[in-house]
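Look through the sequence and the model shown here before reading on. The paragraphs that follow go from helices to sheet to pocket.

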Amino acid sequence: MTAPESPPPLDPVIHEASRLAIVSVLNECGSASFSFVIGATGLTRGNLSAHASKLIAAGYVEEEKRIVDRKPLTEYRLTDAGRTAFSHYRANWLRLTSGENGKAEK
């Protein structure tokens, strides 16, 4: 009898609920302001900043800060690596939740 294959790996950077929400929003929007991401995810300003920092450090999100009409504006967007990682995460999640523990994407 052969041992069952292990479930597909889920990226721990994306898997945390708040970061998953941020990446999901950015995947749909392309780019989004700090305020928009707060509204779309329900995160506090501090939580968004902390989780965005982790996504930026992982190379999944880019942050652009600039002044518009003398007000600071922060925008976030997924990098190519972030889009790829999210695509793999979703594929592996579907495999895990459907019981198809075949080959997982890495």
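Is the crossing of α2 and α5 left-handed or right-handed? The crossing is left-handed, a term used if the near helix is turned anticlockwise from the far one by less than a right angle, with clockwise giving right-handed. This is a predicted model, in which local features need pLDDT of at least 70, side-chain atom pairs count only at pLDDT 80 or more, and totals for chains, interfaces and linings use all residues. Residues are numbered from 1 along each chain as its sequence is written, and side-chain values use heavy atoms, with hydrogens and water left out.

Helices (H or I, at least four residues) and strands (E, at least two) are DSSP runs, numbered from the N terminus. Helix α2 covers residues 17–29 and helix α5 residues 80–98; they pack at an angle of about 115°, and their axes are 11 Å apart. That makes α2 roughly perpendicular to α5, since angles of 65 to 115 degrees count as roughly perpendicular, those under 35 as roughly parallel, those over 145 as roughly antiparallel and the rest as oblique. The axes are lines fitted to C-alpha atoms, for helices over the stretch in contact, and angles run from 0 to 180 degrees between N-to-C directions.

The sheet comes next. Its three strands form an open sheet in the order β1-β3-β2, with antiparallel pairing; two strands pair if DSSP finds at least two bridges between them. β1 (31–33) and β2 (61–68) each have a single partner strand and stand at the edges, so one side of each is left without a neighbour in the sheet. From one strand to the next, the twist averages 25°.

Three bridges pair β1 with β3 (residues 71–78), and in β3 the bridge partner of alanine 32 is tyrosine 76. Between β2 and β3 there are eight bridges, and arginine 66 has leucine 73 in β3 as its bridge partner. The hairpin of β2 and β3 has two residues between the strands, and aspartate 69 takes a positive phi near 50° there.

Of the 14 residues that line it, the closest to its centre are Phe34, Arg45, Leu73, Thr74 and Tyr76. α3 (34–41), α4 (45–57), β2 and β3 are the elements that give two or more residues to the lining. α4 gives the most, with five residues.

How values were computed. On a 1 Å grid over the protein atoms alone, a cavity is a set of points where a 1.4 Å probe fits but cannot get out, and a pocket is an open set with protein on both sides within 12 Å along at least five of seven lines; lining residues have an atom within 4 Å of a point.
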